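Hi there,

Here is the structure I promised to pass on to you.

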Amino acid sequence: MTDISHDRLLIIDFGSQVTQLIARRLRELNVFCEIKPFNTVDDAYLEEFAPKAVIFSGGPSSVFAEGAPMPPQSVFDLGVPILGICYGQQVMMHCLGGKVVRGHGTAEFGRAFVTPSDEKLPLLEGWFLTDREQVWMSHGDHVSAIAPGFEVFGTSPNAPFAITGDTERNFYAVQFHPEVHHTPNGARLYENFIRLAGFKGDWTMSAYREEAIANIREQVGDAKVICGLSGGVDSSVAAVLIHEAIGDQLTCVFVDHGLLRKGEAEEVVTMFRDNYNMPLIHADEQELFLGELDGVSDPETKRKIIGRLFIDVFQKHAIEVGDATFLAQGTLYPDVIESVSFSGGPSVTIKSHHNVGGLPEKMGLKLVEPLRELFKDEVRELGRELGLPPSFIGRHPFPGPGLAIRCPGEITREKLDILREADAVYIDQIRKHGLYDDIWQAFVAILPVRTVGVMGDGRTYDFACALRAVTSVDGMTADYYPFTHDFLGETATRIINEVPGINRVTYDITSKPPGTIEWE
């Protein structure tokens, strides 16, 4: 946990799929915040975390539902500012003596416009530069009577209490979502809220680095650590950070599982051995992984097999290096968010991550996860702070399960070899056209279908592939990259001409949501 000397903001999550965007807005303002599911926040946690302010997220539930998500009543007695968003507004009114009613024709989904009341509210400074403000609504139930002490500061056609506040207690509540892109001036509302709460904005990456190093030293002591090094940005930054903290107590294990991109194993091993004086084991485990994955098609089964085998490999090398006590991983905040479902609560697990959820007891190792509180762009910032080469920090994300999840359906060595070659051509094209740094992530997925084609005078019956390229800030939301048709045509021609086994190329233009960035 981050040093108590920092101002902290607590986000109580009621199951909204965009709760993490609230955290992003706050991190951009140099405010440390933590997202906690509503059913994990109790009096003891509130006392330990000691938030300087609290935000209630949105969520899909109704306050009328049996077992509806609720905050602890003690949160209202902390004496700190609270901001309720959408369901967070409704639950605040419900708990404090207001009234909420079911939809009854006043539901709002999508763009709406809020107009101000005659009263001024410090939370809205810089808002309502015209006679109305565009916001994004997503609610069925709505507030029908505000709690005692609250006033109305903004209304929309279907939300007569769109913005409410109790300035005496510094409690505020809005029916819309200021964290999403479709509320253009939403960031200003968060700026005003943290200013009203008295935050210093002192959570910087330099401070995080110093605290993370101190925390690692305190956690590890004089024990030995092995680090699962994938060669991606996350595990590389984690390795360099931990090495700065404990030196040769760290041994990195690079697992070559046969699911890497073309030439990747050599590139990663060379980079670390040439630039960092740290022990590194190159574990060639291709036969182990590909043997167990042979013929497996279910995506969750793939992830679980890979996760189990990683554990087995790390356990083997932990013994080799002299009974290591800790396993270090590059787990990020989005990994944690996507992998956690409230017990009986409103959100869903999107997909399992092989490096989230602890370790089996038989392994006898404890986890070190110094990046667990960071988003991807923050990890890159930390990498720059640590002096990693820019070319390495700027690498596109690559998933721990590797090409296994870019090969929907049954995994075979033939398909992996074809996929490696197609991906190499695609990335070469992107670099040739100077687009690599404009794109968050790009890759090829080989599809579990064969299609008829004609090459020369002959009939072919080969695989189809899909190109994927997205823009993003933190990986939690993404949009497809708008390649020109000339680029796509040129790339498709190169892949079909240069990669035996592919005769059809498609381009995936799905955003996240509704899709995920990876195919599995």
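**A helix across the strands**

Helix 5 (residues 205-220) lies across strand 12 (225-229), strand 15 (326-328) and strand 16, running at about 165° to strand 16. Helices (H or I, at least four residues) and strands (E, at least two) are DSSP runs, numbered from the N terminus. The angle is taken between N-to-C directions, on a scale from 0 to 180 degrees, with axes fitted as lines to C-alpha atoms, for helices over the stretch in contact; contact means heavy atoms within 4.5 Å.

Before going on, please note that this is a predicted model, where local features need pLDDT of at least 70, side-chain atom pairs count only at pLDDT 80 or more, and totals for chains, interfaces and linings use all residues. Residues are numbered from 1 along each chain as its sequence is written, and side-chain values use heavy atoms, with hydrogens and water left out.

**The sheet**

In what order do the five strands of the open sheet come? They run 14-13-12-15-16, with parallel pairing (two strands pair if DSSP finds at least two bridges between them). Strand 14 (280-284) and strand 16 (366-368) are at the edges with a single partner strand each, so one side of each has no neighbour in the sheet. On average, neighbouring strands here are turned by 30° against each other, direction ignored. Strand 13 (residues 250-256) is joined to strand 14 by five bridges in the parallel sense, and Val255 has Ala283 in strand 14 as its bridge partner.

**Where two domains meet**

The domain assignment, automatic or from a database, gives domain 1 (9-197), domain 2 (205-394) and domain 3 (411-507). In domain 2, 21 residues are in contact with twelve residues of domain 3. About 1400 Å² is buried between these two domains, 57% of it from carbon and sulfur atoms; buried area is the accessible area (1.4 Å probe) that two parts lose on being put together, summed over both. Lys262, Leu290 and Asp377 of domain 2 lose the most area to domain 3, together 29% of what that side buries.

Two salt bridges are found across this interface (a side-chain nitrogen of Lys or Arg within 4 Å of a carboxyl oxygen of Asp or Glu). Helix 8 (286-293), helix 10 (333-339) and helix 11 (376-386) each supply at least two residues of the domain 2 side, and helix 8 gives the most, with four residues.

Enjoy exploring!
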